[in-house]
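Work through the exercises below with the structure in view. Each task is followed by its solution.

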Amino acid sequence: MNAVSAKLVVEGLSHHYPDEYTGESVHALEDINLELYEGELVSVVGPSGCGKSTLLNILAGLLPYKVGTASVDGNIIDGPGPDRGVVFQEHAILPWRTVAKNIGHGLEIRGILKSERDRRVQEFIDLVGLTGFEDKYPHELSGGMKQRCQVARTLCSDPVVMLMDEPFAAVDAQTRITLQEELNRIAQATQKTILFITHSVDEAAFLADRCLVFSARPGQLKEIVEINIPREKRIWADMNNDPDFITARDRILKSVREEVSVAKEE
Amino acid sequence: MSALSAVSISIQRRFGRQRLRKILLGSIPFLVMIGVWHANTVFEWLPPVFIPSIGDVWEAIFFLQEDCAGFVPLIMLDNSCLMSTHILSSVGRVILAAIIGLPFGIAFGILAGMNRTVSKFLEPVGVFANSISGIAWIPLAIVWFGVGWVTTLFIMLNTIFWLMFFNSMLGVRSVARVYEQSVLTMGGSRWDVIRQVYLPGAMPSIITGMRMSMGFGWRALIAAEMIGGDSGLGFMIFTSAAEFKIEEVFLGVIVIAVIFMATDRYLLAPLEKWTVERWGLVWKPT
Amino acid sequence: MQKKSSVSSLTQPGQRTAFDRFMWQFNQLLKIDAMNLVILVVVILIGWSIISESIPNPARYLPSPLAVVLSSVDMMVKGLLPSYFSDTLTRLVIGSAIGLAAGIPFGLLLGLNRTVADMFHPMMNFFQSVSGIAIFPIVVIWYGNSDMTVLVVILYTSFFPIAFNVLSGVREIPIRYVNAARTLGASRYQVMKDVLFPGAMPHIATGSRLSIGFAWRAVIAGEMLAGRQGLGWMIFTGQDTDSTAEVILGMVMIGLTWIILDHYLLRPIEADTIERWGLVQR
């Protein structure tokens with residue numbers, strides 16, 4: 001693993017922010033160190049309020065940070081940029097643009113010519129299975145389709161790292177299973193480097209090459225669980241009987257449970 | 001220092017940090033505006049006949065109240081207490097117009113809305129009456145009632161009535177038929193239906209109508225006082241302008257703005273919010 | 001929602017432009033309301049005539065409908081009515097066009113930064129609450145009884161409601177849309193063009209209609225107060241010269257013009273914009 005270059009590097013990252021209502025300082029992240037290697041899918045789980053989303057917002061460049069460093073391909077993060085694509089939890093595709101125009105938005109921003117743009121957009125529309133919905137508006141799509149559209153939009157900009165913030169939290173259980181399997185397929189096909197934030201242990205274990213467990217506030221890296229299952233074998237019907245998967249999942253679950261009870265006691 | 005921070009934290013807790021931030025931020029442009037206004041007086045970018053000094057505007061209050069001999073002439077709207085007389089006669093007309101105009105507008109609106117044929121029939125009347133904005137009635141009102149308080153009251157009443165009528169009518173019409181039928185099948189009378197279905201059902205629309213009609217009515221009243229009145233804030237700023245007493249004009253405009261903002265913000269807007277929450281309905285304009 | 005779908009079903013799908021809606025509404029008016037309207041107008045005219053006949057000195061207090069029609073013919077022949085009408089409309093168009101053209105970008109610029117937006121929101125609310133008519137006496141001291149005075153009052157009345165509405169609209173756009181565009185690498189200008197402007201479209205439409213409505217009242221009042229020729233001036237001098245028929249004629253003109261403008265131009269455009277751009281799920 002170490003022979004491959006790290007795409008995303010976080011060193012000694014800590015973060016405090018003032019509470020919106022009381023103004024008191026909240027300690028969200030404490031001394032986070034992590035590295036994401038090329039083509040790797042890393043998931044982050046932890047109890048609510050452990051700073052998962054804070055970490056993602058910092059990496060996306062939406063939240064300024066003071067302590068520690070975070071860099072992508074050696075470039076220090078100091079604002080949003082096209083080298084990091086973000087798939088948000090809520091539907092953040094623009095309601096007044098069609099599916100195709102939403103997916104091509106990143107390329108449009110960079111001033112890529114329309115003919116080239118259309119070709120690339122079609123490629124990703126086909127990849128996420130939205131063929132035939134190019135000219136629909138977001139309000140005409142189901143929740144699952146909106147998230148596919150978001151994924152396609154992010155991939156279409158060809159970011160170095162893709163950041164996903166609980167992207168399947170708001171869709172129904174059946175759709176979620178389909179989307180997880182599709183993301184697995186897409187990860188395999190595109191070999192993207194992905195940081196995937198979730199509160200679902202099953203989801204984390206199903207998708208990740210490595211799963212990072214965060215402790216309760218202040219969020220610290222508590223444990224790393226490796227899941228060495230080839231991508232082509234990751235299908236829910238098989239995984240539920242896969243001993244490697246079950247072992248990994250149970251370990252993550254135990255680790256998270258301890259943190260949840262700690263958080264409750266406080 | 002620690003006492004200061006304790007005070008600041010307790011203030012933040014009391015008002016909420018976000019609200020406090022908005023209040024503080026929002027006051028900055030006003031302070032800057034006052035600063036620029038004062039700087040204009042000091043450096044005379046624009047001469048004082050165009051922009052009076054803050055001090056002159058402040059002193060205009062005392063100048064206008066100079067001859068006021070006490071409380072009795074003040075409430076009797078004596079001409080010696082010019083400032084308070086103009087304010088009170090404007091506000092008095094607003095209250096009078098509200099007392100007469102609101103109930104009548106609501107009552108007729110509900111009656112018209114109860115029957116679909118009647119309301120379809122009367123809708124164009126409402127549209128047309130609201131389209132001839134309050135001020136367009138001023139000349140005809142002067143012909144009918146002469147220059148004076150009757151004309152100004154008529155203009156305000158006219159504006160309030162039609163907006164109220166129209167909003168109440170639409171409000172009643174937006175109430176689902178099922179509610180009306182359910183009360184009737186339980187043996188309720190026509191009066192029960194009005195009281196328990198139409199009135200609460202149309203309430204959000206009625207309250208919105210109230211807020212609108214007071215806003216439009218206030219504007220119309222000021223215009224009416226300027227053109228066809230002999231007292232009130234509109235009359236005051238218009239006559240002061242004719243005599244080039246710009247400090248009195250500024251004073252009048254500020255008082256007009258403050259009365260309007262205060263009424264809307266501390267009376268009508270909370271009322272609207274309360275009704276929406278109380279009846280749990282959000283009225284959507286059709 | 002119910003009403004919306006019935007509207008769509010009556011027009012060709014994919015052709016729901018402002019013009020189609022205009023034609024549709026026009027047809028609706030002819031089909032459904034024509035009979036009611038005719039009855040209503042006849043009833044009002046009869047009632048009006050009876051009152052007019054039964055009062056002393058009707059020429060001064062309430063001229064009969066016939067007298068109003070005759071005065072309109074007289075004013076048409078003299079060419080006064082068309083000239084007043086076009087004067088008033090020109091003022092409205094110029095004043096509100098400048099007001100909107102300045103107010104929309106101003107609102108967007110203030111909304112670009114949340115802190116700036118929060119800062120200016122109360123002040124814009126203050127100015128949009130102070131009616132333009134109330135500042136007339138100030139403007140008249142600055143510019144005298146001139147066309148400039150009327151124009152400044154119209155500008156003031158149309159600028160603040162639109163700027164305030166655009167600012168409110170921008171503030172209501174969910175922050176996630178802005179964030180999404182920023183993570184795609186959008187610059188401030190691109191965020192404004194691709195997110196804030198389209199996101200505020202429904203508010204721009206509503207604010208424009210509100211602005212033009214206020215401007216219309218301001219034109220009428222401004223003409224009366226500053227004595228500039230137009231419909232407002234016509235009803236004011238009509239009262240001065242005891243030609244009440246002209247006053248009523250002017251009032252009817254003012255009412256009809258606004259109905260036509262509002263119901264057949266502004267409202268359809270607003271409804272269309274909201275339908276097209278207001279697809280925001282919050």
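**Aromatic rings**

Over all chains, a search of the whole structure finds 27 aromatic pairs; rings of Phe, Tyr and Trp (its six-membered ring) pair if their centres lie within 6.5 Å. The model is predicted, so local features need pLDDT of at least 70 and side-chain atom pairs pLDDT 80 or more, while totals for chains, interfaces and linings use all residues. Residues are numbered from 1 along each chain as its sequence is written, chains are lettered from A and ligands numbered from 1 in the order in which they are written, and side-chain values use heavy atoms, without hydrogens and water.

**Exercise 1.** Classify the ring pair of B:Trp137 and B:Trp144.

*Solution.* Step 1: planes under 30 degrees apart count as stacked, over 60 as edge-to-face and the rest as tilted. Step 2: the ring centres of B:Trp137 and B:Trp144 are 6.4 Å apart and the planes stand at 55°, so the pair is tilted.

**Exercise 2.** Classify the pair of B:Trp144 and B:Phe145.

*Solution.* The centres of these two rings lie 6.2 Å apart with planes at 85°, so the pair is edge-to-face.

**Exercise 3.** Is B:Trp137 buried or exposed?

*Solution.* Step 1: buried means under 20% relative accessible area, exposed over 50%, partly exposed in between (1.4 Å probe, protein chains only). Step 2: B:Trp137 has 18% relative accessibility, so B:Trp137 is buried. Step 3: B:Trp144, at 30%, counts as partly exposed, and B:Phe145, at 37%, is partly exposed.
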